[in-house]
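The entries below follow the order in which I went through them.

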Amino acid sequence: MKSIVQRLSPSKSRSTKRLSTTSVAGTIAFSSGAMEITPVGDVSVELLSDRLVVQDSHQANLKGLFFTEIRDIEWNYADAWVKFSLHSDSVLIVALATLSEFEECLMSVLHDAKLAPVVAYTGVFAGAKQPRILQQRRATLVPAAATPRPKVPLAKRRELLMADRPPPTTEPTRETLAWEYIRDGTMTFAVTSSSSSSSVIFVDTHVTIHGGENATSRVVPYDVIQSCVRRALTVNVTLVKGELITLSCAVAHHLCHVFWFYMNRVQLVPGSYYGRPVYKPTVDDARSVMGAVSTTSPSSSPPVAVTSTLQHQGPLSKTASEGFHLTQSWKKKHACLYDTPLGGYFCYFDSGAAADRKDKKDAKTIDLSSVLCLRPHSAINDAPKFAFDIVTLYRTWSFCAADAADLAHWLHVLGDFVDRSAAIAPDVPLACDVRLAHAPASAATSRDMDCHLSVSAHGVSLSSTLSWYYTDIHKWSLVLQPTPSLYLSCFVDDQCLAAGDFLFQTKNAPALCQAIEFHVAKCLAKVDVLHAAATSPASPFHPSPPPIPPQSRLRHATIVKLPPPPPMQSFRRVLVPAVS
């Protein structure tokens, strides 16, 4: 049957793929030096085996572009255009209503031609083809300087990130704390202060520190807090008058982040991750050049009540995820987007009445810090016109808005809160059983052993034997044959010059690779903030790295020496022979 299909398929060298724009997206711009052409009207894009041809409605060629001329390709799904940067430093920008289909066709043709230009995606939006995390030009937490920022030395980068490493304990989770805030407007932490058990309760105006049974409570307004610094499982809070309050907590990183969130309302806290301004990537004024209408900007304010916690709400349809369906089934839900001191959360309920009760048992919750990308147009076959996808680290959610304006506003607020969570890592691990096919000779594990591998904000953990943070990972790759496997090359010395190789066989290797790259991107988003805080003369943020558990590092392996590597590497797909 396969040979029949191949015989019926047309020759790739003679095949063409044509995509036409609508009148809304019928725009093209080409710049070469001082020359710029911006015809208005319907255009079509024809893909041949070796070039791309842009034609107007009269079939007249406006621009022909050979694939070998393309240096970079930038996809912008927020405004539905693609930009081609050429080796000649010219730029071609085309706005297409069918951008996702065009990307699929173009990348297929480029693959057949064995060409691989640099591909990037602006923002968190994407088409049917999910981009890699490190291909996305996401928002940052520091402004883009007029001159390039100096590169952070590898040793300093590792020191900063290790000091900020979340502890393995995740109880209570961010979601549990967030739901308390959504329901009651408070966040409660169990802490130890001055050798006595107590609690800390946050509200929008102040924090209350409750002592033991015989101790009095203390109310501290946020505007009298000068600094808040975390040291391992301890949070040191310094008041304006110089008084120091020391709080010990199992989830000290969450406790510190909540302090930062409220302190940012008064003055920006160096080293903080949430509640501070975000800086979205520039688009080189392509939006104004194209004159295209953004698909993610709201056309008007939503007719809903918005509070400091509830940012947006309204009815949405959702695909049915349970049972067998001959056709795609969509069910009405009531969706809410909440802003909390620990990040944004998208929740949906069966009805508006259930949403008003704010009961976690009635809701399904999506942590927006776990979002990989947003699809303005759903990848589901025969999806409704205003359907969109939320692609997270754990699964893909599909929803459908009522009309174009409703869709635009949901995409706008979702994209905004995903950008705000650029440096927040979800605390729910991605874990599965693996088979250890290869390990260094001196590793505290044996080959051909069944293990449990977990990828989380704390790092990559192998059962209870080994653990690496993302600063310790030199390379990660997806091995396709003979068995899907995850390849890890991890540093085994403090100078990051020697590495040991591990190979884990599992059918979930693609998801594990994606999760590692996702957390590496979170670390990269934090580095600039941490470095700016540590190098600022007025900053009290000077972290010291916590001690590394002995079982988390290999110190006596006979390993091949490596030249000084770049600090972070993206994963790549490779083919390797079978492991003997």
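Entry one. I began with Lys280, which is partly exposed at a relative accessible area of 46%; I take buried as under 20% relative accessible area, exposed as over 50% and partly exposed as in between, with a 1.4 Å probe and protein chains only. The model is a predicted one, in which local features need pLDDT of at least 70 and side-chain atom pairs count only at pLDDT 80 or more, while totals for chains, interfaces and linings use all residues. I number residues from 1 along each chain as its sequence is written, and side-chain values use heavy atoms, with hydrogens and water left out.

Entry two. I then asked which residue the side chain of Lys280 meets in a salt bridge. The partner is Asp419, at 3.6 Å from N to O, where a salt bridge is a side-chain nitrogen of Lys or Arg within 4 Å of a carboxyl oxygen of Asp or Glu. Lys280 sits in the loop between α5 and α6 (286–290) and Asp419 in helix α8 (residues 404–420), so that this pair links parts of the chain 139 residues apart; helices are DSSP runs of H or I with at least four residues, strands are runs of E with at least two, and both are numbered from the N terminus. Asp419 counts as buried, at 7% relative accessibility.

I noted that the structure holds 19 salt bridges. One of them joins the side chains of Asp164 and Lys526 at 3.1 Å, N to O. Because Asp164 lies in the loop between α3 (154–163) and α4 (174–184) and Lys526 in helix α9 (residues 509–535), the pair ties together parts that are 362 residues apart in sequence. Asp164 is buried at 9% relative accessibility, and Lys526 is buried with a relative accessible area of 6%.

I found the side chains of Arg174 and Asp367 in a salt bridge of 2.5 Å, N to O, and Arg174 and Asp367 are both buried. I also recorded a network of salt bridges that links Arg71, Asp72 and Asp89.
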